[in-house]
Amino acid sequence: MTRRRFDLPDLLFGGFLVLVAGAALATTWHLSVGTAADMGPGYFPRVVAFALLAFGLFFLGRGAGRRFHGIETIHLRPLLAIPASVAVFAVLAASAGLALASLATIVVAGLASRETRALENLVFGVAISAGAVLLFAKLLSLPVPVWPW
Amino acid sequence: MEFFDHILLGFSTALQFKNLLFCLIGAVIGTAIGVLPGIGPIPTVALLLPLTFGLDPATSLIMLAGIFYGAQYGGSTTAILVNVPGETSSVVTCIDGHEMAKQGRAGPALATAAIASFFAGTVATVVIAVLSLPLAALALKFTAVEYFSLLVLGLFAAVILAHGSVMKSLAMVLLGLLLGLIGIDVSSGIARMSFNIPELADGIDFVPVAMGLFGLGEIIANLERPSQRTVVSQSIRDLIPTRADFRAAFPAMVRGTAIGSILGVLPGGGAALPPFSAYALEKKIARDPSRFGKGAIEGVAAPEAANNAGAQTSFIPMLTLGIPSNALMALMIGALMMQGIQPGPQIMTEQPALVWGVIASMWTGNLMLLVINLPLVGVWVSMLKIPYRLLFPAIVLFCCIGTYGIANSLFNVWLMLGCGVIGYFFIKVGVEPAPLLLGLVLGPQLEENFRRAMLLSGGDFSVFLQRPISAILLGVVAVLLLALLSPAVLRKRKEALAE
Amino acid sequence: MRFRALKGLAGPVAALLLSVTATLPTAAQEFTRPVRMVVPFAPGGTSDILARLIAPKLSEAIGVAVVVENKPGAAGNVGADAVAKAQPDGHTLLLMDVGSLATAPSLFPNLSYNVEKDLAPVSMVMFGPYVLAVNASVPATTVPEFIAYAKANPGKLAVANSGVGALNHITAVIIAKQLGISWKNVPYKGGAAASRAVVSGESTVIINGSTATLPFVSSKQLVGLAVTGDERIAAAPGLPTFKEAGLPAADAGTWQGLLTTGGTPPAVVARLNTEVRKILADPDIAKKIADQGGVVRAGSPDDFKGWLATNIKTWGAAIAEAGIKGE
């Protein structure tokens, strides 16, 4: 531990809370607050958001005042590939059908790890996709298209 | 002895071959589907509800109950093995259960979960048989005022729950409360923070949030440190809990069962409060609370017992009053009505064979699940031998299909994606997602009951102290707060922070 | 846990089980592919139970599978919207509590579909009368006593309803307005929670379906006062109708109806109407509907259309007067 200042986790978390609380206040400001006997829809959100804001500022303040504390290095590869694979599923599921969406999801998710072997992942992906189609679309009859046509 | 007559009547129904068979089928199917990531007991029961339409009333209810317990067992398995909670209660099991799995102790964790559930199920069956009428009367004593105080207590319990800083868990509870407010306000019908997205009108679904924060976030973080993943120990001896495990787990089971039995009867919070409160209690009374969150076996035994006991006693309001205490019981009532049976306070006297048969089947069902699940522990654990590079894409895919499938909503998949990134962020800044999830589940009820209590009392805040049950609950909150702020605890907290 | 999580699951499985045997194509000219019967509420409710009663029989009659699909959300508007926006060929049906359909235009000014234009009524299915009941602590056993007590104690009674803008909320508002009573309207999440609250005494008055209310009247936890509808109900012959007792909103209750997408050719609507009326004429169905606390109300598409138009107006006016707002 060095003598540098700034506790990064505190600062980041505090900033996040301030952002969320700010957004909540902005979107609920127009709602009526009402009285204690007849509270409006805006009462609770405002109370909670202000409390959250206070916590956010507290963490920002504490983070700025404390000795340095970093965060683990961020690896972009999994951080991009996993959300991308979920996005691929969301985009393809309705249009291209469950079978292709599943395969694409597994292939893209595989990119997240350096250990992935392309061919193995593909073969495994086909097997899992087939299993998923059988299980969800056939046995459980989810209302999901299986093929694009 | 009326009690023995009832039990006898119950077992004579539950032990009929047909009922045993459908109980078994329900338990097996429930386990099989509940083990899929993201599909918890409620969607499982909804999914399989139509299977029971052709059966007679007792058999169909027995099968549904079997599906329900089965799905809970399955859900705990998923929570422990891959850290993907499919329902509120598994969130707590994830904390220490998955930690145990990471340390190569998935076997004992799974076995403890199964045994704790069975133990709680057995006790809860007796509780229902003996105490269902007084407990139902107690449930009716809970009006908005008492319920609000209970929820406050539950939320404070969540703060104790997290193993990080108190301040951070408080902030997370508030964050969860705020997220829980999204959607149409029950008391005014006005949509809040829903950004004109119709999918948000009914509030944020729990499942995508939980799967994103826990499952996806954890996967992203895991992939960053491939070397740290423990290879699962494979010898049979490591599958069963040791004597020391038992000694630690048993008292936790007993306490969890007691908490679950009482809280389960209460409407609404039924599913969320018991496991969270049981975990918090274990942590509070443990000699070394720092073990929690790092694979403490009590952290698996107590919430699993509480969850199962609560699940069972949540049948009490339905069986004695015909009032569903949660979404699941509403489904069960639907099943009864489908069978042409009017649920209501008369059901116990008019359909004794049905009611007591279902109660007795709870025990047979739990026994079956224990018998099915203990041998399966080895199978589940060997699934962890699949290399992680193959396992994680499959988990991601099942999370996607699960979230999409149960609500037929692509919006939920996007929501899960967003929560996955936020979950990763939380891991990076060192905060626990569990309190957030509790806030999310309890938030809407907290607001609803608070506003209703205020509306009914004409804005008089003192009602919370005038009603005895509420005053006692708030008293406990005050004691908890004092304990949290007392110097001794502050010192302990400092030690925890220093590490 | 939220009910929303149940969306979509139970329907297909049920349809698979119930109607797979009936999917062999016959000489049906209008129906060429599986028909979706959307229920915009969670499984297990009255609409859902009715859909599951009707779907297999309809499937037999029209020669294609009829799949029940639960699509809950936003007081039924999510499912109704899906049907409104489907292809107008009669292959997408909507079975729901049409009371919420009639109140939707007034409650939700930004409704994403037009109830009267984008949906085509097929037939009303059932009417379930409401029962007005009070907690046993309220010193009233008849409607006049009740009204006198309510007037003597303004603001004291609390009427539980199953949600802001729900028909039983609107009914309570209409009663209060017309009789000059002042009471609190307390919203709950659904009828079951409202019943529970009145049984426990948290609230004191309930206006709700007969199956949800009468059991507590028999167990003496609630006191029944009156029922809606044109005639007294068999399950509680001692209770006068609203009309007999001099209460307004006499036709409030659970109205369940079947609709399809607006713009569907009249011939297809007529075919559906014929088949559904045949199904509803079956005594077995009538008995199952009676189990749900209702009576069969089959009718022509035009009757249904007229019913919708009338109630959109009358209930809309009550909603506007009471200042109840949705979004």
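A residue is taken as buried here if 20 or more other C-beta atoms lie within 10 Å of its own. In this predicted model, 67% of the 499 residues of chain B count as buried, and the chain has 22 helices and 2 strands. Among the contacts in chain B with a separation of 6 or more, 80% are accounted for by residues 24 or more positions apart.

The contact between chains B and A takes 51 residues from chain B and 58 residues from chain A. On the side of chain B that touches chain A, at least two residues each are supplied by helices H8 (166–180), H9 (206–224), H17 (388–407), H18 (410–429) and H19 (434–457) of chain B, and the largest share, 11 residues, comes from H17(B).

Chain C is divided into domain 1, which comprises 3–127 + 252–322, and domain 2, which comprises 129–245; the C-alpha centres of these two domains of chain C lie 28 Å apart. Where they meet, 14 residues of domain 1 of chain C are in contact with 14 residues of domain 2 of chain C. The elements giving two or more residues to the domain 1 side of this contact are helix H4 (98–107), strand E9 (253–261) and helix H13 (301–322) of chain C, with the largest share, 5 residues, coming from H13(C).

The residue classes on two of these sides are set out below.

| Domain 1 of chain C, touching domain 2 of chain C | 7 residues | 6 residues | 1 residue |

How values were computed: Residues are numbered from 1 along each chain as its sequence is written. Chains are lettered from A and ligands numbered from 1 in the order in which they are written. This is a predicted model: local features need pLDDT of at least 70, side-chain atom pairs count only at pLDDT 80 or more; totals for chains, interfaces and linings use all residues. Helices (H or I, at least four residues) and strands (E, at least two) are DSSP runs, numbered from the N terminus. A residue is buried if 20 or more other C-beta atoms lie within 10 Å of its own, exposed if 12 or fewer, and partly exposed in between; C-beta atoms are placed from the backbone. Two residues are in contact if their C-beta atoms, placed from the backbone, lie within 7 Å. Domain bounds come from an automatic or database domain assignment. Ala, Val, Leu, Ile, Met, Phe, Trp, Tyr, Cys and Pro count as nonpolar, Asp, Glu, Lys and Arg as charged, and the others, Gly among them, as polar.
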